[in-house]
Amino acid sequence: MENKELVLKAFEAMRSAYAPYSDYKVGAALLTESGRVFTGCNIENAAYSPSVCAERTAIFKAVSEGETKFLKIAVCGGKDGEPDDYFYPCGVCRQVMAEFCGADFVIVTAKTSDDFRESTLGEMLPSAFTPEKIGN
Ligand code: THU
């Protein structure tokens, strides 16, 4: 699947963001090796700490449906759902990606549906702590 198509799905997912506290809306679209796409949005909570990011929503949806091999993820986000820059995943989401993906996993950071960049997990989380480190 082309990056553009995945980015469009991330923008669509961003519309479902539940972000009444930050008003910062994020969308993600994750492509599995089997060709399925799982989307996610951020979901906030009045108690704050139970909030979850869009990327983890997408990854956990996929894992809960038996998919653990991923090719790439597209992400976008911005205040009131209006991105003003390329969107780079937070550190916690990068760590969750490292649980399932290698350094070559592609992260498509989008500013608009026509303006996006490609990075790898290896670039975004060098020297990652991975399952192999604890013998898995
Ligand atoms: N957020 C994400 O969804 N993904 C990230 O990678 C960083 C932050 C969300 C969490 C929170 O709902 C809002 O953006 C503001 O931090």
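In this predicted model, the crossing of helices H2 and H3 is left-handed.

**Helix packing**
- H2 packs with H3, which comprises residues 91-100, at an angle of about 25°, and the axes of the two helices are 9 Å apart.
- Because angles under 35 degrees count as roughly parallel, H2 and H3 are therefore roughly parallel to each other.

- On the side-chain side, an oxygen atom of the ligand is 2.5 Å from an N or O atom of Glu44, and an oxygen atom of the ligand is 2.9 Å from an N or O atom in the side chain of Asn42.
- The ligand taken alone exposes 370 Å², of which the protein buries 77%.

**The shell around the ligand**
- Strand E1 (24-32) and helix H2 (54-64) are the elements that give two or more residues to the shell around the ligand.
- The residues that surround the ligand are Ser22, Tyr24, Val26, Asn42, Glu44, Cys53, Ala54, Glu55, Phe87, Pro89 and Cys90.
- By residue class, this shell divides into seven nonpolar, two polar and two charged residues.

Terms used:
Residues are numbered from 1 along each chain as its sequence is written. This is a predicted model: local features need pLDDT of at least 70, side-chain atom pairs count only at pLDDT 80 or more; totals for chains, interfaces and linings use all residues. Side-chain values use heavy atoms; hydrogens and water are left out. A residue is near a molecule or strand if one of its heavy atoms lies within 4 Å of it. A polar contact is a pair of N or O atoms within 3.5 Å; within protein, one must be able to donate a hydrogen and the other to accept it, and residues adjacent in sequence count only if both atoms are side-chain atoms. Accessible areas come from the Shrake-Rupley method with a 1.4 Å probe; for residues, only the protein chains shown count as cover. Helices (H or I, at least four residues) and strands (E, at least two) are DSSP runs, numbered from the N terminus. Ala, Val, Leu, Ile, Met, Phe, Trp, Tyr, Cys and Pro count as nonpolar, Asp, Glu, Lys and Arg as charged, and the others, Gly among them, as polar. Axes are lines fitted to C-alpha atoms, for helices over the stretch in contact, and angles run from 0 to 180 degrees between N-to-C directions. Angles under 35 degrees count as roughly parallel, over 145 as roughly antiparallel, 65 to 115 as roughly perpendicular and the rest as oblique. A crossing is left-handed if the near helix is turned anticlockwise from the far one by less than a right angle, and right-handed if clockwise.
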